[in-house]
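Here is a short briefing on a protein structure. Look at the sequence and the model first, then read the points below.

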Amino acid sequence: MENIFNANYFDGISSSKKNALVEPRKEVIRITIFDFEGHKTERFWSIDKIEKEAYSSKEKLVFLYNSKPKERLEIYSPEIISLINNNYHYNKITKEHFSDSIARKGSLLILLLVSVVSLGFLFYWKGLPFLADKVANNLPDSFEQNMGNGIRSSLLSSEEIDTTKTNTLQLFFNELNYAPKNTVSVYLVKSDVVNAFALPGGTIVVYEGLLNKLTKPSQLAALLGHEYAHVYYRHSMRGMIKNIAGVWLISIYFGDSGGVIGGLIENANQFRQLTFSREFEVEADEKGMEFMTKNGIDNKGLKELLQILKEQQETTSSNLEIPEFLSTHPLTENRIKNAESKILNSSTSKENPKLQSLFNSLIEETVY
Amino acid sequence: MEIIPTQTSKHQLSFSGNGSEFFGILFSNWILTVLTLGFYYPWAKIKRIKYLYENTGIDGSNFSFSGTGKEMFRGFIKSVLIFGGAYAFLIAANISHNITLAIISLLVFLFVFVLIFPMAIHGTLKYRLSRSSFRGINFAYKGNIRTFIKLYLGQIFLTIITLGIYGPWMQVNLRKYIFENARFGSAQFKFEGKGSELFTKSVLGILLVYITVFIYFYWYVKNIIQFYINNSKIVLDGTEYSFECSISAGDIFRISMFYLLGLITLGLAIPFAMVYQTRVIMENIQISGELDLNKLTQAEETISDGTGEAMSDLLDIDLMF
């Protein structure tokens, strides 16, 4: 008699609860139903049409029968499950959905958590920059131009451009022959700020504060070479896309799609304070020097430029005033050492009188 | 084993779920959804609803939910197509710089956007109720979509032109329509709340919340919940039985603290908060009167459209039944 269990039976036509005895057999479950007068009826449920309700508790099992109307059994003896598993293998009924196994098994959960988190990290660390670069490299030039022009107008609207010196600077840049004709515009901003940056689409902005610290044309050439390398490699575009992608990934977790818009806005503002990654900086340094060498300019210029800036940082750090250029272009000893190691013999470089005269007119003092 | 009497003067709802089980479900839902890039979401939602339903009960039996991920998924696709189609049309029309086309697309989009709310609510109710049952007896929703759309738009219009003052009447009218069109086998429902009552409670409540620097907030929430539940009735064989809610302000406070904990733990405690909330609410709802839950009879055929449910999900509409 261990084969028979107490249960409540519902016929699917009314909600009245009838007492029943349930006996599992090989292909069927035999159900004996007692009505209120004590009369018995028998039902046979074939195994393949039985479904167990997923979240019925340990104390009460619910079996549903795929009939019209749908009948229902509420069984108060959980031992029926072990009986079924041991003797009859009603796999369809007792098998757990894989997601519920995951839900139940704590260790599996932890393992999955760890792998999901590490996958996430891996994706963020390697996958995202890779994808971001792919996207950036496949963006049409016109997109970059428009973006760059838009950012430039909004940034420079609050600045005063020195138009004469801008023309001179442009001539200087053109003379360097780094870029194809008419692809890059350079601007000189009247300001004490020690900074320079590049925008998508080929705009380079230099602040007078930085310009006045330079002593030789090769240093300016190095600066422009570095900035142009950023343009050449589309670093700003790539950096921005990587940034947005990061925000996007995070907002997926928190379910906030509005964050992408916020990210776009945040990025436009951050152009003054782009956090270029170290890789980008090193890339720009090296490419910049390459440009210089190709055009016969003394590439000691980069090392000197970096040293000037480093001194600047050291002398002004007591005033707690870090030149902006340095906060956005982290200066590490490595960069100076790197620049030094790439210096070629000065015999391959030649003096360029045109560059010298343009440079002289640039650093001519304007009275503030 | 419980002793189950067939008649009592008060039926109590019960909830048997627990936080760690629910955590497991929500967590595996989240993982699978992320791994499948969102594809799994309809199935995840079904599991969540099923867990809450099948652990809620009255008179010794629990509710059942027979919705499937597949139905939900189909509905999801449909709603994405409708909404996405209107949106795509809007964008395409604007890119084409054709003014007439752009205006038409804007009107289509507004049309879809305005109608989506009532349609989603209607569809969700129809789907969810048709998939809900108790002891084999199915629930159903008999509301008519055209009637409801007209009602909904009319109520919104009145609320807008009265700058929100009509709001409580709108809430009550919509709630009444929906509730009284629900069916539970041979049983029906009544909602007797009045807009004026809700209005007074809301205005006084908000004033007091300001005066007491937020402390009154928990009593305010309790009052609103009780307003809705205590004015609801179930009608079987001509007799009306009232729902009652015995929740306290302290319960509301504890629930919100639990959710705060959820926030602090970066979401980890939220399943526990949700289970706690469901248990506290359910175990504070009673039906008074000698309602015999053995006397319900089957009435409805099921329908198979999951669109409404998926659409309301898209718009994050939460219906507190």
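A polar contact is a pair of N or O atoms within 3.5 Å; within protein, one must be able to donate a hydrogen and the other to accept it, and residues adjacent in sequence count only if both atoms are side-chain atoms. One such contact, of 2.6 Å, joins the side chains of B:S64 and A:R72. This is a predicted model: local features need pLDDT of at least 70, side-chain atom pairs count only at pLDDT 80 or more, and totals for chains, interfaces and linings use all residues. Residues are numbered from 1 along each chain as its sequence is written, chains are lettered from A and ligands numbered from 1 in the order in which they are written, and side-chain values use heavy atoms, with hydrogens and water left out.

**Chain A**

- Chain A has 15 helices and 10 strands. Both are DSSP runs, numbered from the N terminus: helices are H or I with at least four residues, strands are E with at least two.
- Of the 368 residues in chain A, 46% are buried. Buried means under 20% relative accessible area, exposed over 50%, and partly exposed in between (1.4 Å probe, protein chains only).
- Take the contacts in chain A between residues at least 6 apart in sequence: 58% of them join residues at least 24 apart. Contact means heavy atoms within 4.5 Å.

**Where chain B meets chain A**

- On chain B, 33 residues are in contact with 28 residues of chain A.
- About 2,700 Å² is buried between the two chains, and carbon and sulfur atoms give 60% of that area. Buried area is the accessible area (1.4 Å probe) that two parts lose on being put together, summed over both.
- The rule finds 14 residue pairs in polar contact across this interface (both at pLDDT 80 or more).
- Helix 1 (19-35), helix 2 (41-54) and strand 3 (61-65) of chain B each supply at least two residues of the side that touches chain A. Helix 1 gives the largest share, 8 residues.

**Residue B:S64**

- B:S64 lies in strand 3 of chain B.
- Its relative accessibility is 5%, so B:S64 counts as buried.
- Leaving aside neighbours within four places in sequence, B:S64 is in contact with residues of both chains, including A:E53, A:R72, B:Y53 and B:R131.

**Residue B:F117**

- B:F117 sits in helix 4 (residues 99-130) of chain B.
- B:F117 is partly exposed, because its relative accessible area is 26%.
- The C-alpha atoms of B:F117 and B:I149 are separated by 8.9 Å, and the two residues are 32 residues apart along the chain.
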